[in-house]
Amino acid sequence: MSGTSFDRPAGARDRDSEGRARNARPRDGLGRPLPYGADGVPRQPEGVVRTPPATIAEAQALLDAGKPFHAHEVFEDAWKAGPPAERALWRGLAQLAVGLTHAARGNVTGGARLLRRGAGAVEEWVADTGERTPYGMDVPGVVAWARELADAVGSGAAGAVDAAERAPRLRGGGA
């Protein structure tokens, strides 16, 4: 047994260099684990520090490609590495991306709940800061998108959604 991700001993756990549990299994575009050895979507590296405009651009590209789980990872990096005053904004955007992920997986309850929670977090951040368009983002438009999708998903009318087709426009219509 080599211990690589392709030949895992029974009961062995993926660990990083510091001994923390990490899942090295390949994943599909919606972040679902695939069997070891399967071809998956390249994972977003963790802990990358990006500028806010680079975060928005990378997250939008992933959302447009139908990879909201991976967009969530980009927002999570901004949430963890950004200034404390912006953490609630990035955390709320990460929740929106996870909500879209669940909706695309057909999890209507989880999808609707996370879309509403993320919209509320982003709205609260706007109310606290007075900033409606941080880094050129159309926050009111993103919140409206999230609430509309949450209603459609929560009612069961949407079924599993196409993540790329239903992706938000972070900078509005022309973004």
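Predicted model: local features only at pLDDT ≥ 70, side-chain atom pairs only at ≥ 80, totals over all residues.

Biologist: Fine. How many cavities of 30 Å³ or more does the structure hold?
Modeller: There is one cavity of 30 Å³ or more. The space in the largest cavity comes to about 50 Å³.

Biologist: Which residues line the largest cavity?
Modeller: The lining is made of Leu-63, Phe-75, Leu-93, Leu-96, Ala-97, Leu-100, Val-142, Trp-145, Pro-168 and Leu-170.

Biologist: And what classes are in that lining?
Modeller: It has 10 nonpolar residues, no polar ones and no charged ones.

Biologist: Which helices each supply at least two residues of the lining?
Modeller: Those are α3, residues 87–105, and α5, residues 139–154. α3 gives the most, with four residues.

Biologist: OK, so how do α3 and α5 sit against each other? What's the angle?
Modeller: They cross at roughly 30°, and their axes come within 11 Å. Angles under 35 degrees count as roughly parallel, and α3 and α5 are therefore roughly parallel to each other. Their crossing is left-handed.

Biologist: Which residues make the contact?
Modeller: From α3 you have Leu-93, Leu-96, Leu-100 and Ala-103, and from α5 Val-142, Trp-145, Ala-146, Leu-149 and Val-153. By class, the contact of α3 with α5 has nine nonpolar residues, with no polar and no charged ones. Leu-93, Leu-96 and Leu-100 of α3 are in this contact, and Leu-93, Leu-96 and Leu-100 also line the largest cavity.

Biologist: Switching topic: where are α1 and α2, and what angle do they pack at?
Modeller: α1 covers residues 52–64 and α2 covers residues 68–81; they pack at about 165°, with axes 7 Å apart. That makes α1 roughly antiparallel to α2. α1 passes α2 in a left-handed crossing.

Biologist: Who's touching whom there?
Modeller: On the α1 side, Thr-55, Glu-58, Ala-59, Leu-62 and Leu-63; on the α2 side, Pro-68, His-70, Ala-71, Val-74, Phe-75 and Ala-78. The contact of α1 with α2 divides into eight nonpolar, two polar and one charged residue.

Biologist: What about α2 with α3, what angle and axis distance?
Modeller: The axes of α2 and α3 come within 8 Å and cross at roughly 165°. That makes α2 roughly antiparallel to α3. This crossing is left-handed.

Biologist: And which residues meet?
Modeller: α2 brings Pro-68, Phe-69, Ala-71, His-72, Phe-75, Glu-76, Ala-78, Trp-79 and Lys-80, which meet Arg-87, Trp-90, Arg-91, Leu-93, Ala-94, Ala-97, Val-98, Leu-100, Thr-101 and Arg-105 in α3.

Biologist: How many of those are charged?
Modeller: Five are charged, alongside 12 nonpolar and two polar residues. Among the charged residues of the contact are Glu-76 and Lys-80 in α2 and Arg-87 in α3.

Definitions and conventions. Residues numbered from 1 in each chain as written. Heavy atoms only, no water. 1 Å grid on protein atoms, 1.4 Å probe; cavity = no way out; pocket = protein on both sides within 12 Å on 5 of 7 lines; lining within 4 Å. Points joined across faces, edges and corners; volume = space filled by probe spheres on them. Axes fitted to C-alpha atoms, helices over the stretch in contact; angles between N-to-C directions. Parallel < 35°, antiparallel > 145°, perpendicular 65-115°, else oblique. Left-handed = near helix turned anticlockwise from the far one by under 90°. Contact = heavy atoms within 4.5 Å.
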